[in-house]
Amino acid sequence: MAYSAGITPHHVVVDDFNNDTRQDIVVTNSDKNNTVNVLLGYGNGSFANRVEYSTGTSPGFVAVADFNNDTSLDIVVANNYDNTISVLLGYGDGSFAMQTTYSTGDRPIGLAVGDFNNDTRLDIVVGNAGNNTIGLFLGYGNGSFASQTTYSTGAYPFALAVSDFNNDNRPDIIVTNYFDNTVSVLLRYDRGAMKNEITFTLSTGAHLRSVAISDFNNDRLLDIIVANDGSNNLGVSLGYGSGTFGNQMILSTGLKSHPYSIAINDFNKDGQMDISVANHGTKSLSTFLGNGNGTFESQANYSTSFDFAPLAVGVGDFNSDGQSEIVVAYDDTDKLDVFVIYDTGDFSHRMTYSTDPWPISVAFGDFNNDTRLDFVVTTAYYNNVAVYLGYGNGSFANRMTYLVGNAPHSVAVGDFNNDARSDIVVTNYLGNTVSILLGYENGSFSNHTTYSTGSFPSSVVVGDFNNDSRLDIVVANMDSNSVTVLLGYGNGSFASQVNYSTNSRSLSVAVGDFNNDSRLDIVVANFDSKSVSVLPGYGNGSFARQVKYSTGTAPICVAVGDVNNDSRLDIVVTNRDDNTISVLLGHGNGSFASQTIYLTSNSTLYVAVGDLNNDTRLDIVTNNYQDNTIGTNGEIEKVKHEYVLLYLPRPT
């Protein structure tokens, strides 16, 4: 999800600026605009248009806090080119007063907030990169500040963080020194003065860009992590609780990655702190999952690539689902992106099971009634289906194969003979039939029985179309421009086919109650006519004539779900030739709004809908044939391309 953020958004912070318990965003614009932009959140992961506020010249880092004790958040910005900080007091409704500026040292960059003199009033500390100092501004508690007091640091102090590093209940300051590759720790005296810095040296050429603090090894002592722009890695130093730290542990971010910005959060909900880093050089975001002992899993499995170089990364729960999303600001573009994070943090640790050649379609069910999920795969080369019984721990037994018709394609699961056991239906693409395999209690299946369909059946779905409590079958026929309905007798057999015209090659079919009459309806993707057909059901197993709705070019797969949480079913379809998906929102009376089009990657073939991030809202996932990716409306994850069937060729 992308939002306009002004020219060259530089640094981003997340908090609640209008006291509605919803997370908002503030971002600085460092090039030409000289503004901060505030984007108020709606609580569903989306945001209002930005509101701009003037700052000094080239605003960089930003921090938020309540400087005048009115329970409303205020903003402070470091203005790099005119040697000031800007303070903008918040009104509590998401709007802010005009800036008040305070003079700093030369080239202020880093910025942090804390109560350094124990008077319950927040103070500001800024890194003066041009003269190698930090400047401390003591707050009066009314939104105004005293002139700065400076303390020496290393060469070119860049990023700051504040916390209690020696367990004396006083906030201390940590500073990264960009040019001499060191970190300075300044421990606080009682009245806001800072002790002489403690310096520890990192690797040569590190060029420390960013710093963050957290407890990475669960010893209740704060640790430090720094982004080493020059050496393309992160450095984690575990704290001893005395204001000193252990040797740096290096986490590589990759060749020429140039990590710029760090965010800390528990991204995979395992109770351990994880790291997300924006890599400016490789235009990527990497996540290191914490093990809870100060070590981290390799970032290689958790990277996301961008079109622009990221400058800053922040974390917040924007859709009130109890999980954090990541917001990224980029160089040379005026947008922000918000990324949803999956619960697990990773889908990379796959287990592979052998099949016969040309596996095409997969379906799940409990085939042996042991309350553990099993799955079935169609394998076109040998005209088989392969059944894998699950052990309940994510692993599966060796396959059992069953012969079906010619070129099995699509598969679905249902109880066709009302014996409380799962059965299988398969479309036989070159045989113009479907095969029915009735299940036995031990997870094995009978020999298949075939029923005629239209030409080149490509997709199958099951449902009760005549409300007799017996499952029926609907098939999309690619070559006969129709869908076939086979009504079930409840004993595993079916009536002869009834066909309904779609006037186009039909590649995919789905069912749902689109008009809320408790009768199942049909939707079909029409490959040749840039449309989907909706056939309303009469509830007796017959269907009305099709109503067509426009889509993109070459719609190839259709799915059904309530994607806007209005309790009405919607339609999602992939358009292969223009690399889009179309979403048609349902009105609840069987009609649909005109399509809304979303760009995907190259040659999008299949689509599914589901709640991928446990926020009770349906997400969309597609596969992108030409560039070997899976795309969601939250995250992109690279996968290996083995074999994808565009559609089976006609026999020669």
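Strands here are DSSP runs of E with at least two residues, and helices are runs of H or I with at least four residues, both numbered from the N terminus. Aspartate 223 is found in one of these strands, β19. This is a predicted model, in which local features need pLDDT of at least 70 and side-chain atom pairs count only at pLDDT 80 or more, while totals for chains, interfaces and linings use all residues. Residues are numbered from 1 along each chain as its sequence is written, and side-chain values use heavy atoms, with hydrogens and water left out.

Let's begin with the whole chain. The protein chain has 52 strands and zero helices. Of its 652 residues, 58% are buried, where buried means under 20% relative accessible area, exposed means over 50%, and partly exposed lies in between (1.4 Å probe, protein chains only). Contact means heavy atoms within 4.5 Å; among contacts in the protein chain between residues at least 6 apart in sequence, 41% join residues at least 24 apart.

Now back to aspartate 223. Aspartate 223 counts as buried because its relative accessible area is 0%. A polar atom of the aspartate 223 side chain lies 2.7 Å from the backbone nitrogen of phenylalanine 216.

Next comes the interior. In soluble globular proteins, nonpolar side chains tend to be buried together. A nonpolar core is a set of buried Ala, Val, Leu, Ile, Met, Phe, Trp, Tyr and Cys residues joined through side-chain atoms within 4.5 Å. The largest one here has 30 residues, of which Val76, Ile85, Leu111, Ile124 and Ile174 touch the most other members. Strands that each supply at least two residues of this core include β6 (59-65), β7 (74-79), β10 (108-114) and β19 (223-228). Another core, of 14 residues, lies apart from it, with Ala363, Val411, Val413 and Phe445 among them.

Finally, look at the surface. Trp358, Tyr381 and Tyr382 form a nonpolar patch there, with about 360 Å² of accessible area together. Accessible areas come from the Shrake-Rupley method with a 1.4 Å probe. Tryptophan 358 sits in the loop between β28 (335-339) and β29 (359-365), and counts as partly exposed because its relative accessibility is 40%.

Conventions. Patches are made of residues with over 30% relative accessible area and no salt bridge: like charges are joined within 9 Å, nonpolar side chains (Val, Leu, Ile, Met, Phe, Trp, Tyr) within 5 Å. A salt bridge is a side-chain nitrogen of Lys or Arg within 4 Å of a carboxyl oxygen of Asp or Glu. A polar contact is a pair of N or O atoms within 3.5 Å; within protein, one must be able to donate a hydrogen and the other to accept it, and residues adjacent in sequence count only if both atoms are side-chain atoms.
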